[in-house]
Amino acid sequence: SSIFAAVEMAPRDPILGLNEAFNADARETKVNLGVGVYYDDNGKIPLLNAVKAAEKARLESMPPRGYQPIEGPSAYAQAVQALLFGKDSALLANGQVITAEALGGTGALKIGADFLKRLNPDATVYISDPSWENHRALFEFAGFKVENYPYYDAATRGVDFAAMKACLGGLPAGSIVVLHACCHNPTGADLTDAQWQEVVGLCRDGGLVPFLDMAYQGFADGIEPDAVAVRHFAASGLQFFVSSSFSKSFSLYGERIGALSIVTAAREESARVLSQLKRVIRTNYSNPPIHGAAVVAAVLSSPELRQMWEDELAGMRDRIRAMRTGLVEALKAEGVSQDFSFVIKQRGMFSYTGLTAEQVERLRTEFGIYAVSTGRICLAALNSRNLAYVARAIAKVVA
Ligand code: PMP
């Protein structure tokens, strides 16, 4: 018999399954609110002008395609570090931050998880309830036990900070805590500045290992304000991990371009940590691809391209905000009595709408509007053509 005879069919990825169903739907008015991708007002994934300019220059110079350093190019690492920590960060001056290019935010989480597994194999990983659906599986596949800490409060549509604090305060030392640095996926509910300071204190007092996941820098309030969590941890004297991604902020999803940064206690420690992280990378994929890192580094190191990128990023952020306000107003105009104003306060690409699984099902069957059964919708999939249609449909299913 086959060596694969005992292999069971894995469960379908819920969001990719949604995409398949959407693609198969023949209705012209269909709308896919399930994805985690930014679309422009024409419903297209943008290719940013800053990216185009950097790519054009690269193509013209026809650079050779040798192997990269295991941790990626240093120009890329420096660009990532400046975004996360601020270019005048004392940690950077002290050599306390190492950064490795990674295959998107997911790849950054995975090399961080593999490194942590060798460092502290018995630690438990704590993720928010709920969290990005890949967090649990990713850390479980790296060999960790994964638990939830309380996070979302459906009653207030915000964070149940008291419960979160109580949980974090009781964790055994060495526990790994995965924190969404901004634009929490899937809820859109973030911690305040003061709450971040409390979380830093809990991590310090409890000897916890913070792992900040920053997939949406620039999508809430801007590049600098969205780094508030990283900056509080940076000021704390703690060691911590940051996975970051340019999938969204540069609209470079398929280039798989992200980074893992690790803050150490001292320059000498950085050298040892980097040497071990390089072994993790070397045994996984040897060294990272060239193109995405080259484009990002070129944009961030050129004053003109950087300005162009910041303007385009602001454009994406503002359009999502406009869709949030637009949806709330359109629901009101449809006569919906339920208060949806919380949608305006949620941050990033997503909203936890509070729609039930049955209501989401009705949106799909009756209107061809696809959303995750938890009620999460992607605001960046709304545009001036489908907004009114979506609002009317939501009004019908909540009536
Ligand atoms: N973390 C979170 C919270 C995310 O939402 C995502 C992407 N949806 C990622 C990580 C992974 O990003 P990437 O596509 O760059 O791997």
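Predicted model: local features only at pLDDT ≥ 70, side-chain atom pairs only at ≥ 80, totals over all residues.

User: Where is S286, and what is its phi?

Analyst: S286 is in the loop between α10 (267-284) and α11 (291-301), where helices (H or I, at least four residues) and strands (E, at least two) are DSSP runs numbered from the N terminus. Although S286 is not a glycine, its phi is positive, at about 70 degrees.

User: Is R157 buried or exposed, and how do you know?

Analyst: With 21 other C-beta atoms within 10 Å, R157 is buried. R157 also has a positive phi, of about 55 degrees, without being a glycine, and its place is in the loop between β5 (152-153) and β6 (158-159).

User: What makes L327 a buried residue, and which residues is it in contact with?

Analyst: L327, which lies in helix α12, has 23 other C-beta atoms within 10 Å, and therefore is buried. Leaving aside neighbours within four places in sequence, L327 is in contact with V343, L382, L387 and A391, a contact being a pair of residues whose C-beta atoms, placed from the backbone, lie within 7 Å. From C-alpha to C-alpha, L327 and V343 are 8.3 Å apart in space, and they are 16 residues apart in sequence.

User: What makes a set of residues a nonpolar core, and which members of the largest one touch the most others?

Analyst: A nonpolar core is a set of buried Ala, Val, Leu, Ile, Met, Phe, Trp, Tyr and Cys residues joined through C-beta atoms within 7 Å. The largest one has 120 residues, of which V177, L212, V230, V296, V299 and M349 touch the most other members. Helix α12 (residues 303-333) supplies the largest share of this core, nine residues. Not counting residues up to four places away in sequence, V177 touches Y126, L168, C203, L208, V209, P210 and F211.

User: Why is the protein chain called as compact as a globular protein of its length?

Analyst: The chain contains 15 helices and 13 strands. Its radius of gyration is 21 Å, close to the 21 Å that the globule rule gives for 399 residues, so the chain is as compact as a globular protein of that length; the radius is taken over C-alpha atoms, and the rule is 2.2 Å times the number of residues to the power 0.38. Of the 399 residues, 44% count as buried, and residues 24 or more positions apart account for 76% of the contacts with a separation of 6 or more.

User: Which peptide bonds are called cis, and what is omega for each?

Analyst: A cis bond joins D129 and P130, with omega about 0 degrees, and another joins N185 and P186, with omega about 20 degrees. P130 is found in the loop between β3 (124-129) and α6 (133-141), whereas P186 is in the loop between β7 (176-180) and α8 (193-206).

Notes:
Residues numbered from 1 in each chain as written. Buried ≥ 20, exposed ≤ 12 C-beta atoms within 10 Å, placed from the backbone. Contact = placed C-beta atoms within 7 Å.
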